[in-house]
Amino acid sequence: MTKVLVATEKPFAAVAVDGIRKVVEDAGFELALLEKYSSRDELLAAAATADAMIIRSDKVGEDVFAAAPGLKIVVRAGAGYDNVDLAAASAHGVVVENTPGQNSNAVAELALGMMVMAARNSYDGTSGSELSGKSLGIQAFGQVGRNVARIAKGFGMEVSAVDPYCPAEVMTEAGVAVCGSVADLYRNNRYVSVNIPATPETVKSIGYDLLMSMPKNGVVVNTARKEVIDEAGLARALDERADLKYFADVKPDSADELTARFGSRVFFTPKKMGAQTAEANINAGIAAARQIVAYFKDGCERFRVNK
Ligand code: 3PG
């Protein structure tokens, strides 16, 4: 029987697992569950007999593909697939897919929540400021960026975005001003929401110069990936500009040092939780299960991300 392994170090909500199980079992497949695993060996042992895998930010590379001779498809229940070694997957003939858009509202809500938290001085009782009327620049107008724009407009923010891969009309139709460059985005916006994937072009691309160019009381909210930040440049900018804040759902490697040096001007969630809602888990998890069923039953590879 076709075995679908859900391998999630950070588990889905139970209700989402129930939904995934139903889709898998209704198709006549078997579900195996490996949650909160603490060692690579546990993952490899579970993968050994799997035909398909549903993962989140779980790292899947050569070791997994080598250990799982029957594996045909891995679906990352979420947007970013930088945790999967696509070349290794292709070398082993394994299809890799993601579920774009399924968890983006959850991430966007958290981004706005962090903006409110920064504006209200982390709820410390002092007088803060409002988001209404403030400028927000969105770095990348993908599914998360579009949801950030929609919600931010509800707060009365003045929203602009930069995205070399998104047609200007998409931004215009969403009522968002088109920004021509990343440099302009940071220079012109009090708030910046980072929504770019980690790619060779974006890694360490946000650092000292961009942060120093921000208007007074600039706030950067990063719900994307820690790798896109140049942490040394971030620390230097925070040191030289006492008005800047950096709030992230993706804990930097130097989190402890940054917190010790800059206190409440920085904030990091203990574990990436932008997509950690029941709704997002249900949407992304069930979409992943359906994509696996469609792959085995119809050969559908619509959301394939490797060649
Ligand atoms: C994504 O890329 O979909 C988000 O970063 C969420 O990741 P998660 O599934 O590990 O919470």
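# Ligand site, pockets and cavity

An oxygen atom of the ligand lies 2.5 Å from an N or O atom in the side chain of Ser-57. The structure described here is a predicted model.

An N or O atom in the side chain of Lys-272 is 2.7 Å from a ligand oxygen, and for Lys-10 the corresponding distance to an oxygen atom of the ligand is 2.8 Å. Taken alone, the ligand exposes 320 Å², of which the protein buries 95%.

The residues around the ligand include Lys-10, Arg-56, Ser-57, Arg-76 and Gly-78. Also among them are Ala-79, Gly-80, Asn-103, Arg-225, Lys-272 and Ala-275. By class, this shell consists of 2 nonpolar, 4 polar and 5 charged residues.

The ligand sits in the largest pocket.

| Space | Volume |
|---|---|
| Largest pocket | about 1300 Å³ |
| Second largest pocket | about 600 Å³ |
| Largest cavity | about 30 Å³ |

The largest pocket, with its volume of about 1300 Å³, is lined by 47 residues, and those closest to its centre are Ala-140, Asn-195, Ile-196, Pro-197 and Ala-198. Its lining divides into 20 nonpolar, 17 polar and 10 charged residues. Helix 5, spanning 104-119, and helix 6, spanning 143-154, each contribute at least two residues to the lining of the largest pocket. Helix 6 gives the most, with 3 residues.

The second largest pocket holds about 600 Å³ of space. Of the 21 residues that line this second pocket, Ser-57, Lys-59, Lys-226, Val-250 and Lys-272 are the closest to its centre. Ser-57 and Lys-272 are also listed among the residues around the ligand. The lining of the second largest pocket comprises 3 nonpolar, 4 polar and 14 charged residues.

The count of cavities of 30 Å³ or more comes to 1. The largest cavity is lined by Leu-211, Met-214, Val-220, Leu-234, Ala-237, Leu-238, Leu-244, Lys-245 and Tyr-246. In terms of class, 8 of these residues are nonpolar, none is polar and 1 is charged. Helix 10 (231-240) and strand 11 (245-248) each supply at least two residues of this lining. The largest share, 3 residues, comes from helix 10.

Conventions
Residues are numbered from 1 along each chain as its sequence is written. This is a predicted model: local features need pLDDT of at least 70, side-chain atom pairs count only at pLDDT 80 or more; totals for chains, interfaces and linings use all residues. Side-chain values use heavy atoms; hydrogens and water are left out. A residue is near a molecule or strand if one of its heavy atoms lies within 4 Å of it. A polar contact is a pair of N or O atoms within 3.5 Å; within protein, one must be able to donate a hydrogen and the other to accept it, and residues adjacent in sequence count only if both atoms are side-chain atoms. Accessible areas come from the Shrake-Rupley method with a 1.4 Å probe; for residues, only the protein chains shown count as cover. On a 1 Å grid over the protein atoms alone, a cavity is a set of points where a 1.4 Å probe fits but cannot get out, and a pocket is an open set with protein on both sides within 12 Å along at least five of seven lines; lining residues have an atom within 4 Å of a point. A molecule sits in a cavity or pocket if more than half of its atoms lie within 2 Å of its grid points. Ala, Val, Leu, Ile, Met, Phe, Trp, Tyr, Cys and Pro count as nonpolar, Asp, Glu, Lys and Arg as charged, and the others, Gly among them, as polar. Grid points are joined across faces, edges and corners, and a volume is the space filled by probe spheres set on the points. Helices (H or I, at least four residues) and strands (E, at least two) are DSSP runs, numbered from the N terminus.
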